[in-house]
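Hi everyone, thanks for coming.

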Amino acid sequence: MVKVRVPATTANLGPGFDTLGLALNLYNEFTFEEIPEGYKISGFKKEYGSTNNLVYRSIKETFREIGYTPTGISIDANTNIPISRGLGSSASCILAGVIGGNELAGRPLGKDEIFQLATKIEGHPDNIAPALFGGLVISLMEEEKVIYNRIEVAKGIKFIALISDFTLSTKESREVLPSMVEYKDCINNINKVALLISALTNGRFDLLRYAFEDRLHEPYRGKLIPDFFNIIEKCKKMDSLGVYLSGAGPTIMCIIDEDNEEFTKEIKAYLHTLDQPWNIRELNIDLEGTKII
């Protein structure tokens, strides 16, 4: 029996579109066991209880990749990462399947090979990388190879996730993006992501308020989310250090000083005035990544 814990992730971080990802201390746990025959999937909602389940598909792909044939597979889940909210739930399922399969097969794959395979299944590395390695990770695809670098974030901040009750699929969020963008908008994002990384690593959190402006995806995706732009402006006025759309959304992520005790109460009161319900989670950076527990 193998038990795998995978953290939630928040991708893009504003201007770092399809490049930056950060692991957070909110977790999905999966238990894998080889059984005499067939398959057994439990702990998921009914619609995810078939062989179309992403964890099951990922473990099957892993077995195929390494040439291992199990007698049967049992998968049990304890999920805390909201689905289709921009917090890396798909990446957690894929990584769990790859690592669970690798463990059951005797660990033929190393960590970098796990990363490459999981990214191949997901199609992009921005959530897979931080979920696997923990912390803040820059990742990119260079031809068929995935390149990554983990960055140390200075201490002193925490993350406030504003999680909507409604979902937003990555496919839908991708479809609203333009096929071409203006040169000046690209320059803006390059400037801002450079400032963002330097501010996070050097502890210059006072600069974060200038670093999160994005012009490549948030202006378009924000239109799909009720009250998105109003919430962003409200968070800025309430002294958040930074605020951005988490992944493809609809979760909105705020960064505040770790000693700020008022922000959560004030933003909660504001969100209660809106038509759509929102939930709030205080989170910290996960530095361990995916673990066998």
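Take D18: its relative accessible area is 29%, so D18 is partly exposed. Oh, and keep in mind that this is a predicted model.

Okay, the big picture. The protein chain has 10 helices and 11 strands. Its C-alpha trace spans about 60 × 40 × 40 Å along the principal axes. How does the radius of gyration fit with a compact globule? For 293 residues you'd expect a value near 19 Å, and the protein chain has 19 Å, so the two agree. And of those 293 residues, 52% count as buried.

Now, salt bridges. Side chains of opposite charge can pair when their charged atoms come close. This structure holds 18 salt bridges, and I've picked a few.

Back to D18, then. Its side chain meets that of R174 in a salt bridge, at 2.8 Å from N to O. D18 sits in the loop between strand 1 and strand 2 (20-34), while R174 is in helix 5 (residues 170-175), so this pair links distant parts of the chain, 156 residues apart. R174 is partly exposed as well, because its relative accessibility is 34%.

Next up is E288, which forms a salt bridge with R5; the closest N and O atoms are 3.2 Å apart. Where are these two in the chain? E288 lies in the loop between strand 10 (278-283) and strand 11 (291-292), and R5 is in strand 1 (residues 2-11), so the pair ties together parts that are 283 residues apart in sequence. E288 is partly exposed at 46% relative accessibility, whereas R5, at 16%, counts as buried.

D257, E258, D259 and E261 make up a patch of negative charge on the surface. Look for E261 in the loop between strand 9 (252-257) and helix 10 (263-271); at 53% relative accessibility, E261 counts as exposed.

Last topic: the backbone. Most residues other than glycine have a negative phi, and most peptide bonds are trans. Which residues have a positive phi here without being glycine? L13 is one of them, with phi near 50 degrees, and E143 has a phi of about 55 degrees. L13 is found in the loop between strand 1 and strand 2, and L13 is buried because its relative accessibility is 2%. E143 is in the loop between strand 5 (136-142) and strand 6 (145-151), and at 76% E143 counts as exposed.

And the peptide bonds? G249 and P250 are joined by a cis one, with omega about 5 degrees. You can find P250 in the loop between strand 8 (242-245) and strand 9.

That's my tour. Over to you for questions!

Technical notes
Residues numbered from 1 in each chain as written. Predicted model: local features only at pLDDT ≥ 70, side-chain atom pairs only at ≥ 80, totals over all residues. Heavy atoms only, no water. Patch = residues over 30% accessible without salt bridge, like charges linked within 9 Å, V, L, I, M, F, W, Y side chains within 5 Å. Areas by Shrake-Rupley, 256 points an atom, 1.4 Å probe, with all protein chains shown as cover. Salt bridge = Lys/Arg side-chain N within 4 Å of Asp/Glu carboxyl O. Lys, Arg positive; Asp, Glu negative; His and termini not counted. Charge placed at Lys NZ, Arg CZ, Asp CG, Glu CD. Helix = DSSP H or I, 4+ residues; strand = E, 2+ residues; numbered from the N terminus. Buried < 20%, exposed > 50% of the residue type's maximum accessible area, 1.4 Å probe, protein only. Rg over C-alpha atoms; globule rule 2.2 N^0.38 Å.
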